[in-house]
Amino acid sequence: MTYIIILLIVLLVVIAVLYFRRQMQLRKACRMMIDAIDNRDYTFRISNKNVWFGDKALIDTLNSLVKKIGDERQDVEVQSWEKLTRILTHEIMNGIAPITSLSDVFMRRKDVKESPIYDGIKAIHDTSIGLMDFVDSYRKFTSLQQPSPEYFSLRELIDGVKNLNSVPPGISLHVKYDLDDDMVYADKNLFRQVVINIVKNAVESFKDVTHCNERVIQIFAYQYQGTPFRVAISNNGSPIPADVREDIFIPFFSTKKTGSGIGLALCRQIMRLSGGSVNLLHANANGWPTTFLIELPLVERKG
């Protein structure tokens, strides 16, 4: 009887120690999650592998809550920038249109063509045309077509992007898959554009790189056990500076001298309309200096 009591006490102590350790692990994970939210990183997830009975539901709820917060924040940001962009493009176009029209009229006049002011008026006309083209590019952000979702093979789409030969010599493009399912439900053309845009950004990250022995872009598509589809596009080029990481999805913002600042904003808008998301992971979060993570919900096929 004494041995049984001792055994029970030892067993209870072991359970108590394991429970205490598990609670410490959960507290640590929750603190990390709070830190991630404070840093506006909504890609952080607590692992639900090897969890105790009852913990999985809590962890899944916390992970869903963080994703929901991130999605809501993105929606508010995109809608705000969409409204501002619509107003700005409208007002700017209204201001430029008369200048373009009047300068064109003056350029056609015979007395102007033969005068010294012709070159000046032509410069005004050409500049106004350029401004109109520039502003018109931002209309894509506010007039993006509604997605027409269909089922398609994620593997085939990514292989197709790789075969476009959009990556110049000297840069290697690697593709990896870890997919339980291959069929995604989204607008194929819009989703392809998101992948292409991010790959182009990755190519441009190598422009000023001289220290890199091997220039690599990696596309890693993975999905398992009922989780969303994820496509991580990574590169080992110049990392995005910490002070601009939060601004890269803002329309008009660009770190490039010739950039329009619409590419990544358009990617986020497309993914928002598709029910997914696109985010920039923290530097070296998965061993790469720069990684964009695209997420698409898993939609069960009918029939």
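**Notes on the predicted model**

1. Aspartate 126 is partly exposed, with a relative accessible area of 38%. Please keep in mind throughout that this is a predicted model. The partner of aspartate 126 is lysine 122, and their side chains meet in a salt bridge with an N to O distance of 2.9 Å. Lysine 122 is likewise partly exposed, at a relative accessible area of 33%.

2. How many salt bridges does the structure hold? The count is four. One of them pairs arginine 108 with aspartate 104, where the closest N and O atoms are 3.0 Å apart. Both residues belong to helix α2, four residues apart, or about one turn of the helix. Arginine 108 has a relative accessible area of 60%, so it is exposed. Aspartate 104, at 24%, is partly exposed.

3. Another salt bridge is formed by arginine 230 and glutamate 295, with 3.0 Å between the closest N and O atoms. This pair links distant parts of the chain: arginine 230 is in strand β5 (residues 229-235) and glutamate 295 is in strand β7 (residues 290-296), 65 residues apart. Is arginine 230 buried or exposed? With a relative accessible area of 16%, arginine 230 is buried. Glutamate 295 is buried too, and its relative accessible area is 6%. The cut-off behind both labels is a relative accessible area under 20%.

4. Next, the aromatic residues. The count comes to five aromatic pairs. In one of them, the ring centres of phenylalanine 152 and phenylalanine 191 are 6.3 Å apart and the planes stand at 50 degrees, so the pair is tilted. Here again distant parts of the chain are linked: phenylalanine 152 lies in strand β1 (residues 150-153), phenylalanine 191 lies in helix α7 (residues 188-204), and 39 residues separate them. Phenylalanine 152 counts as buried because its relative accessibility is 4%. Phenylalanine 191 is buried as well, at a relative accessible area of 3%. Elsewhere, Phe220, Tyr222 and Tyr224 form one aromatic cluster.

5. Arginine 268 deserves a look in your viewer. This residue is in helix α8 (residues 263-273). Its relative accessibility is 7%, so arginine 268 counts as buried. What does the side chain of arginine 268 reach at 2.9 Å? The answer is the backbone oxygen of valine 278. The arginine 268 side chain also makes a polar contact of 3.1 Å with the side chain of asparagine 279.

6. Threonine 43 brings us back to that stretch of the chain. Threonine 43 lies in the loop between α1 and α2 (55-108), and at 15% relative accessibility it counts as buried. Setting aside neighbours within four places in sequence, the residues in contact with threonine 43 are Asn279, Leu281 and Leu293. The C-alpha atoms of threonine 43 and valine 278 are separated by 9.5 Å, although the two residues are 235 residues apart along the chain.

7. Finally, some totals for the chain. The secondary structure comes to eight helices and seven strands. Of the 303 residues, 37% are buried. Among contacts between residues at least 6 apart in sequence, 72% join residues at least 24 apart. The chain exposes about 18300 Å², and carbon and sulfur atoms supply 57% of that area.

Conventions:
Residues are numbered from 1 along each chain as its sequence is written. This is a predicted model: local features need pLDDT of at least 70, side-chain atom pairs count only at pLDDT 80 or more; totals for chains, interfaces and linings use all residues. Side-chain values use heavy atoms; hydrogens and water are left out. Helices (H or I, at least four residues) and strands (E, at least two) are DSSP runs, numbered from the N terminus. Buried means under 20% relative accessible area, exposed over 50%, partly exposed in between (1.4 Å probe, protein chains only). A polar contact is a pair of N or O atoms within 3.5 Å; within protein, one must be able to donate a hydrogen and the other to accept it, and residues adjacent in sequence count only if both atoms are side-chain atoms. Contact means heavy atoms within 4.5 Å. Accessible areas come from the Shrake-Rupley method with a 1.4 Å probe; for residues, only the protein chains shown count as cover. Rings of Phe, Tyr and Trp (its six-membered ring) pair if their centres lie within 6.5 Å; planes under 30 degrees apart count as stacked, over 60 as edge-to-face and the rest as tilted.
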